[in-house]
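Here's a quick briefing to read with the structure open beside you.

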Amino acid sequence: MNPRTRHALEFVLDNLVWFMLLFVLVVFSIFIPNYFQLGIFANIIEASSVLGVMSIGLALVIIAGHMDLSVESVAALSAMAVGILFCSSGIGLGVQLHPEWLMVPVSLLLALAVGGLIGAFNGYLVVRVKMSAFIITLASYIWVRGLVLVISGGRSAQDLAPAIRWFGIQRLIGLPLTAWITIACFVVFSLIMAKTPFGRHLVMIGGNETATFRAGIRVNRNLIIAFVLAGAIAGLAGWLLAIRTSGATANLGVGLLFNAFAAVVIGGVSLKGGVGTLPGVYAGVLLLSAINTAINLMGLPANFTQVIHGLLVLAAVLLDAFKQTIRQRLA
Amino acid sequence: MSEPLLVLDNVTKNYGAIEALKGISFSIGRGEVVALLGDNGAGKSTLVKIIAGGLEPTSGRMLFEGKEFLARSPAEAKAAGIETVYQDLSLCTNVDVVANFFMGREITRKVLGIPVLDERAMEVVVEKALASAGTRIPSLRTNVEHLSGGQRQAIELNRFVHWGGKLVLLDEPFAALGVEQTRRGLDMIRQVASQGIGVVIITHIMQQAFQVADRIVVIRQGVVAGDVARNKTSPDAVINMITGETLAGAGPGS
């Protein structure tokens, strides 16, 4: 095999999800009436902004060889905290700050801090106390959601302060600012993972933790940072969720965790750790969103979505195994 | 002779009630190659881990360059100038050759104050290091998982030759190498030692020890059973030291 075909083949393998996304979009555009519109594509991006942000945090921890099941509940708690403070009806306290724009950084910092704290708690138990990330974050998944129920009393907060909601309404080149925030997050974290020592170390820790420890990399510190980041990013997802729904309900975001997992796996991240890139994850998120939109447009019952997502995850795992065999031939 | 590079003074290590090391004392000079021999379970790997910062000794002390020394982590040992090549390879197979070569010591340049990996600079260094050692690897950007066992070990060996430091610990470094690569590996060790770096090599193969070492230290049941210059001993004498003079004590439990 000459180097050029080899390079081309490797490029396709590395970016397989993007090709799948393109393929799916083309097929839908041809066969589903009204699918091929800018508005539809904008909607695909817009609808996936919360899921996208959440998937970044999840992917970071999984690439580092661990697991964070708590992201969904953390997002809900952050959204509820923002909702209670800055909503004016329901259980909202309607806190007003002057000038009004001050509510944006304050609410954002609150959401990030709530998420970061829970992430630090998870990280501490997993890394220092050496407990299984699966169990620790499963526990967090449960108790954090419980906390949402406790502080809201099962009720909801509505009418988020307009200054914060502005991010969901104001559009730039056809997309609301919330979608741009998601895209910016993907760009920033993709660069961090691919271009900085921190990102490189996370990937290597996911690949062989012993080797990185022996090489003098501060494994524990890096892993705790990864958990804090996953929590804070989940907090950001919660902030976006509060904006999107203009408030917060006690069951906000239920089921997002599994979609995030699906997106991460479809995006080419291996649950064994050490493998996967964030651009791939974004393609996975968009792929899910594109399929949801197609199901809506075809007027299929929404219940089909779950079946299709499940099959897609299966397909992604099979494809991953297939990719491995091809790569082995290439080397 | 000038002061030794590393002195071990009655170093012990207990795992619960089990005494893995009962008091090890010996020293390594600059530019000296010491072969550490001993039967399985004699405590060689434990000793290497203690020097390399992977384990803390239960008691005893170490002097490195004449100063009290105790590495609490591999990072501390590395900072002091101690490089280690472990028996089970310490490579991350999910990243490429360059990333492995620079694991934890990446070359970066600042972009807006943020350290960014300088891939090109690293690739140049790796290319040069591998070429000068005569190691051929098709692409430095291939993930290590696609390389053969020999190629992987070559990367590890080239890595320590490149980083050097002051003391190099090699725990059975040639387990996966062919005849020609082993010969080259032994040459590398001599070359490293000639730069004034101390080398400790653990091996099971008597022939390798006699080929490369200046001095042979034998560990048996957690104590130093022999410490002799290579040219004053013979393989048979060393085997006797390893097994405990008579064959009666040479069983697996000893």
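B:Arg141 and B:Glu123 form a salt bridge, with 3.0 Å between the closest N and O atoms. B:Arg141 sits in the loop between helix 4 (119–133) and helix 5 (149–163) of chain B, while B:Glu123 is in helix 4 of chain B, so the pair ties together parts that are 18 residues apart in sequence. Keep in mind that this is a predicted model.

**More on B:Arg141 and B:Glu123**

- B:Arg141 is partly exposed, its relative accessible area being 32%.
- B:Glu123 counts as partly exposed too, at 27% relative accessibility.
- Over all chains, the count comes to 17 salt bridges.

**Two other salt bridges in chain B**

- The side chains of B:Arg105 and B:Glu83 meet in a salt bridge, at 2.9 Å from N to O.
- Where do B:Arg105 and B:Glu83 lie in the chain? B:Arg105 is in the loop between helix 3 (97–101) and strand 7 (108–111) of chain B, and B:Glu83 is in strand 6 (residues 82–85) of chain B; the pair links distant parts of the chain, 22 residues apart.
- Is B:Glu83 buried or exposed? B:Glu83 counts as buried because its relative accessibility is 6%, and the cut-off for buried is under 20%.
- B:Arg30 counts as partly exposed at 40% relative accessibility, and B:Glu65 is partly exposed at 24%.

**Positive phi in chain B**

- Most residues other than glycine have a negative phi.
- B:Glu65 is not a glycine, yet has a positive phi of about 55°. As for its place, B:Glu65 is in the loop between strand 4 and strand 5 of chain B.
- B:Leu112 is another residue other than glycine with a positive phi, near 55°.
- Where is B:Leu112 found? Look in the loop between strand 7 and strand 8 of chain B.
- B:Leu112 is exposed because its relative accessible area is 83%, and exposed means over 50%.

- Strand 7 of chain B and strand 8 (residues 114–117) of chain B run antiparallel and are joined by 4 bridges.
- One of the partner pairs is B:Thr108 with B:Leu117, the latter in strand 8 of chain B.
- The hairpin has 2 residues between the strands, and this is where B:Leu112 takes its positive phi.

**A sheet and a helix in chain A**

- In chain A, 3 strands form an open sheet in the order 1-2-5, with antiparallel pairing.
- Which strands are at the edges? They are strand 1 (87–90) and strand 5 (247–248) of chain A, each pairing on one side only.
- Strand 2 (residues 157–160) of chain A is joined to strand 5 of chain A by 2 bridges, and the two run antiparallel.
- In that pairing, A:Gln158 has A:Gly247 of strand 5 of chain A as its bridge partner.
- Helix 5 (residues 71–86) of chain A packs on the sheet, where it touches strand 1, strand 2 and strand 5 of chain A. The direction of helix 5 makes about 90° with that of strand 1 of chain A.

**A nonpolar patch on chain A**

- A:Phe121, A:Trp143, A:Leu147, A:Val150 and A:Ile151 make a nonpolar surface patch of about 460 Å².
- Which helix gives the most to the nonpolar patch? That's helix 7 (residues 133–152) of chain A, with 4 residues.
- A:Val150, one of the patch residues, is found in helix 7 of chain A.
- A:Val150 is exposed, with a relative accessible area of 63%.

Methods:
Residues are numbered from 1 along each chain as its sequence is written. Chains are lettered from A and ligands numbered from 1 in the order in which they are written. This is a predicted model: local features need pLDDT of at least 70, side-chain atom pairs count only at pLDDT 80 or more; totals for chains, interfaces and linings use all residues. Side-chain values use heavy atoms; hydrogens and water are left out. Two strands pair if DSSP finds at least two bridges between them. Contact means heavy atoms within 4.5 Å. Axes are lines fitted to C-alpha atoms, for helices over the stretch in contact, and angles run from 0 to 180 degrees between N-to-C directions. Patches are made of residues with over 30% relative accessible area and no salt bridge: like charges are joined within 9 Å, nonpolar side chains (Val, Leu, Ile, Met, Phe, Trp, Tyr) within 5 Å. Accessible areas come from the Shrake-Rupley method with a 1.4 Å probe; for residues, only the protein chains shown count as cover. A salt bridge is a side-chain nitrogen of Lys or Arg within 4 Å of a carboxyl oxygen of Asp or Glu. Buried means under 20% relative accessible area, exposed over 50%, partly exposed in between (1.4 Å probe, protein chains only).
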